[in-house]
Amino acid sequence: MRPCLSSIAALPLLWAATTPAHASEDEQLWTTANATVKLGDHWRLSQEIVARFSDDRQGLYEIESNSLVGYKLSKVVTIWAGYTHDPQYAGGDFTVMEHRGRQQLTFDNIAKIGRVSISARMRMEERWREGVDGTAWRLRPYVKLAMPFREGGKTALVLSHESFFDLNKTNFQRVQGEERMRNLIAITTPVAKNVNAEIGYLHQHGFRRHADDSNDHVASFALSFSF
């Protein structure tokens with residue numbers, strides 16, 4: 001268990017060490033509200049709203065609305081499909097509308113090492129932008145570690161990693177291959193019955209072919225409701 005905890009504690013240092021010295025920097029705030037409703041023994045409905053704010057973009061730049069229907073294949077595996085409505089802004093002024101089809105497999109608590117539980121997700125997206133030709137295909141693998149601060153406790157340290165792999169190029173998806181990654185360190189805790197809060201720091205690193213890479217330093221706050 002001790003080597004595992006040491007590895008987890010070292011992850012933020014590893015993320016910092018792998019960041020290129022020459023990169024553009026931005027400070028952001030992401031707020032998320034997510035509700036999951038149990039429709040029966042197998043069916044689930046999920047609705048998520050994410051609002052993103054940026055210093056470089058002078059305020060609000062994205063409101064992402066994700067609607068998904070899920071079917072539990074087993075105790076740990078759920079298959080989901082749905083739609084993302086994603087208007088984008090600059091300085092609070094509307095710029096472009098993006099629509100996404102979304103399909104994903106989630107694997108909840110698929111392994112445990114001591115108090116550390118491991119979850120994962122594989123997400124596929126098809127993206128369209130109004131007034132722009134082409135369909136952009138993207139794959140997003142994700143892994144999360146959660147470690148309660150005490151045995152049986154519900155307040156936990158969370159570490160996660162997500163990579164974005166662009167599968168083709170379009171007029172608005174210009175990188176084929178790994179386009180960005182997100183690494184999160186956060187604390188999650190229940191704040192009421194069926195309500196969890198998560199607050200933390202997310203580092204988003206963007207890979208650019210003909211310019212400096214980008215680094216977004218994100219204060220992240222999320223509320224999750226389950227019914």
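1. Is W43 buried, partly exposed or exposed? The model is a predicted one. In it, W43 has a relative accessible area of 46% and is therefore partly exposed, since that class covers what falls between under 20% (buried) and over 50% (exposed).

2. Two aromatic pairs are present in the structure. One of them joins W43 and Y71 edge-to-face, with 4.8 Å centre to centre and 65° between the planes. W43 belongs to strand 2 (residues 43-54) and Y71 to strand 3 (residues 59-72), so this pair ties together parts 28 residues apart in sequence. Y71 is partly exposed, at 29% relative accessibility.

3. Y89 and F94 also form an aromatic pair: the ring centres are 6.0 Å apart and the planes stand at 75°, which makes the pair edge-to-face. Y89 is buried, its relative accessible area being 18%.

4. Arginine side chains also lie over aromatic rings. R52 has its charged end over the ring of W30, 4.2 Å from the centre of that ring. R180 lies over the face of F164, and here the distance to the ring centre is 4.7 Å.

5. Leaving aside residues up to four places away in sequence, E179 touches R138, F164, D166, H205, G206 and F207. E179 is part of strand 9 (residues 177-192). Its relative accessibility is 17%, so E179 counts as buried, the limit being under 20%.

6. The structure holds 16 salt bridges. One of them is between the side chains of R100 and E64, at 3.4 Å from N to O. R100 is in strand 5 (residues 93-113) and E64 in strand 3, and the pair links distant parts of the chain, 36 residues apart. R100 is buried, with a relative accessible area of 5%. E64 is buried as well, with 6%.

7. A salt bridge connects E125 and R102, whose closest N and O atoms are 2.6 Å apart. Because E125 lies in strand 6 (residues 116-129) and R102 in strand 5, the pair ties together parts 23 residues apart in sequence. E125 and R102 are both buried.

Methods: Residues are numbered from 1 along each chain as its sequence is written. This is a predicted model: local features need pLDDT of at least 70, side-chain atom pairs count only at pLDDT 80 or more; totals for chains, interfaces and linings use all residues. Side-chain values use heavy atoms; hydrogens and water are left out. Helices (H or I, at least four residues) and strands (E, at least two) are DSSP runs, numbered from the N terminus. Buried means under 20% relative accessible area, exposed over 50%, partly exposed in between (1.4 Å probe, protein chains only). Contact means heavy atoms within 4.5 Å. Rings of Phe, Tyr and Trp (its six-membered ring) pair if their centres lie within 6.5 Å; planes under 30 degrees apart count as stacked, over 60 as edge-to-face and the rest as tilted. A charge sits over a ring if NZ of Lys or CZ of Arg is within 6 Å of the ring centre and within 35 degrees of the ring normal. A salt bridge is a side-chain nitrogen of Lys or Arg within 4 Å of a carboxyl oxygen of Asp or Glu.
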